[in-house]
Amino acid sequence: MSSSVEAITVLSSDGDEFKITVSAAKLSKPLNWMLEDVCFSDDCDEVPTIEVNSKTLVKVIEYCEKHAPRANSGASDSDAEELKKWDIEFMKMDVKDILFHILMAANYLHMEGLYDLACQTAADLMKGMTVSQIRKIFHIKNDFSSEEQEQLRRQHPGCSFD
Amino acid sequence: MFGDLPPEILGEILHRLPVKSLVKCTIVCKHLNSFITDQTFIFDHLNQTIQASSGNGWLFLQLYLRTRHLVPYIHHEEFYSLYSHNQQIDQFSFKKFPLSGLLRSYNHSTVVGTCDGLVCITDSQIYHMATLLIWNPSIRKYMIIFEPILTSDTGNGQHKGYQPLYGFGFDSKNKDYKVIRLVALLDKEIVPQVEVFSLASRSWRSIPFRASPFLLPDLFWNIPQVFLNGVVHWVVSRRCDDHILNFILTFDVVEETFGELTLPQLLRESTTELSILEGGDSLCVLHALYVEDDCFFSIWVMKEYGVVGSWNEVYCWDSHLYKGITTVLDLCADGKVVLLLYSGDVVLLDPVTEVVKSLTGQKWFHAFAGSYVESLVFIKREPDLLSYEFT
């Protein structure tokens with residue numbers, strides 16, 4: 001990488017511009033490849049588009065900026081502990097509006113840490129929940145016919161359907 | 001909503017859930033139901049669970065309660081338990097899984113083996129065939145296997161005493177679970193008749209026995225088997241001039257062929273009880289050794305599978321230890337050993353620290369222990385899969 005800049009500008013799929021520091025952008029494999037291939041300098045007018053909507057991109061960049069120092073230099077145990085707490089707070093978001101978009105974005109941007117965190121968050125939201133709670137959290141409609149429901153009841157007699 | 005996610009992302013989320021939560025998810029909506037009950041997901045989930053639990057999996061126990069009745073076989077109580085012996089939590093979650101009296105027609109039931117979270121049980125190995133059952137305790141479903149081809153009436157309708165030998169394993173090529181049944185006359189070195197039950201086709205099929213005849217040990221209990229590396233193993237013997245030679249009979253579940261593995265010298269010619277044991281990823285043999293009035297239990301491990309020179313005696317316990325060892329039930333993947341003691345207690349022994357932990361706290365007179373993993377096999381609805389309520 002021959003970049004002389006500390007931050008680059010990217011476009012969201014909605015066409016909004018966002019700044020992301022080079023060290024934070026490195027958390028994404030495709031962005032890192034781009035940084036290696038393209039010479040970014042102050043007079044470079046090329047603005048890459050990231051196929052992620054603005055609302056999601058803000059969150060993704062926030063995550064990258066927070067995690068970049070640790071990813072680049074390693075961190076002490078207390079830092080790791082603090083970061084874990086931050087992750088939990090960061091992930092408190094609406095499932096439909098944002099969590100699913102984060103999952104797709106992290107997958108698309110090859111961001112292992114965020115992808116793992118988002119998958120675990122989604123899994124934790126399902127663990128220990130009742131069937132109707134899962135439907136509510138994930139905005140899912142019960143699309144079984146009453147006949148199919150009866151069949152499922154017979155299959156899992158000990159399972160609560162509420 | 002889950003339908004909007006690419007399958008690889010949905011899979012990644014669902015793989016993180018325990019079986020109990022996944023069963024619940026099949027009730028949430030059609031999309032989750034068809035995703036979770038799909039063969040690909042079932043086997044991916046199983047492989048991930050096996051990998052994640054490597055070295056500290058679960059333990060399946062079958063226990064018979066001691067009774068004061070004159071005919072203990074009829075009045076016994078039977079329990080099945082699952083233990084998670086995860087070292088991190090250092091706690092045992094104890095669950096009882098009651099099963100109907102399906103398998104109690106003559107005698108106690110015998111666990112043939114465990115494989116991928118499925119437990120194969122027969123009602124008796126001494127009398128003539130009756131019922132076989134394949135059970136997934138994690139999702140509370142089981143199926144009864146129909147009568148095999150070879151029963152006591154096979155042949156000229158003559159009633160002959162025979163000993164069946166059972167094995168249970170997974171055919172990785174055809175993604176099929178199979179029960180193998182060898183039927184041989186007691187005390188006679190003959191060519192056994194062999195049949196295989198395929199879970200995928202739900203049927204028994206006779207296959208030829210292309211190996212040298214052998215003699216079954218004359219045990220009035222079950223002959224243990226171990227399924228490892230795609231192969232079922234039993235310890236059997238053969239008469240050679242004036243003495244008996246013990247060896248390991250093998251059955252390749254994919255190829256459906258028989259083979260043999262040689263035992264170390266000491267075990268080959270031993271006249272005392274030998275039985276095959278699970279030992280994590282290795283094949284083990286338990287040897288009960290009598291020296292005058294004392295009994296010793298030694299455990300031999302085949303460190304490199306198939307290499308005769310790699311047999312090693314790893315443990316030897318005086319049966320008087322721990323207030324009396326009745327037998328060794330299992331070697332766990334984490335190195336711990338499951339023992340049945342004279343007192344009737346089933347304990348977990350850490351051979352390094354010699355710490356003994358009681359698993360059952362009750363007095364049992366027989367126990368089976370085998371490795372276990374939570375699995376979704378049987379989650380898909382099939383007409384012959386039966387469910388029971390957990391009480």
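**Exercise 1. How many cavities of 30 Å³ or more does the structure hold, and what lines the largest cavity?**

Step 1: The structure holds two cavities of 30 Å³ or more. A cavity is a set of points, on a 1 Å grid over the protein atoms alone, where a 1.4 Å probe fits but cannot get out. This is a predicted model, in which local features need pLDDT of at least 70, side-chain atom pairs count only at pLDDT 80 or more, and totals for chains, interfaces and linings use all residues. Residues are numbered from 1 along each chain as its sequence is written, and chains are lettered from A in the order in which they are written.

Step 2: The largest cavity has about 40 Å³ of space, the volume being what is filled by probe spheres set on the points.

Step 3: Lining residues have an atom within 4 Å of a point; among them are A:Val10, A:Ser28 and A:Met111. Helix α3 (residues 54-73) of chain A gives the largest share, three residues. Helices are DSSP runs (H or I, at least four residues).

Step 4: By type, the lining has nine nonpolar residues, one polar and no charged.

**Exercise 2. Which strands pair with β7(B), and why is β7(B) largely enclosed?**

Step 1: Strands (E, at least two residues) pair if DSSP finds at least two bridges between them. β6 (residues 132-136) of chain B pairs with β7(B) in the antiparallel sense over five bridges, with B:Lys141 as the partner of B:Asn136.

Step 2: Four residues lie between β6(B) and β7(B) in their hairpin, where B:Arg140 in the turn has a positive phi of about 55 degrees.

Step 3: Strand β25 (residues 386-387) of chain B runs antiparallel to β7(B), joined by two bridges; here B:Ser387 is the partner of B:Lys141.

Step 4: β7(B) (residues 141-145) is largely enclosed by the rest of the structure because four of its five residues are buried, meaning under 20% relative accessible area with a 1.4 Å probe, protein chains only.

Definitions and conventions: Side-chain values use heavy atoms; hydrogens and water are left out. Buried means under 20% relative accessible area, exposed over 50%, partly exposed in between (1.4 Å probe, protein chains only). On a 1 Å grid over the protein atoms alone, a cavity is a set of points where a 1.4 Å probe fits but cannot get out, and a pocket is an open set with protein on both sides within 12 Å along at least five of seven lines; lining residues have an atom within 4 Å of a point. Ala, Val, Leu, Ile, Met, Phe, Trp, Tyr, Cys and Pro count as nonpolar, Asp, Glu, Lys and Arg as charged, and the others, Gly among them, as polar.
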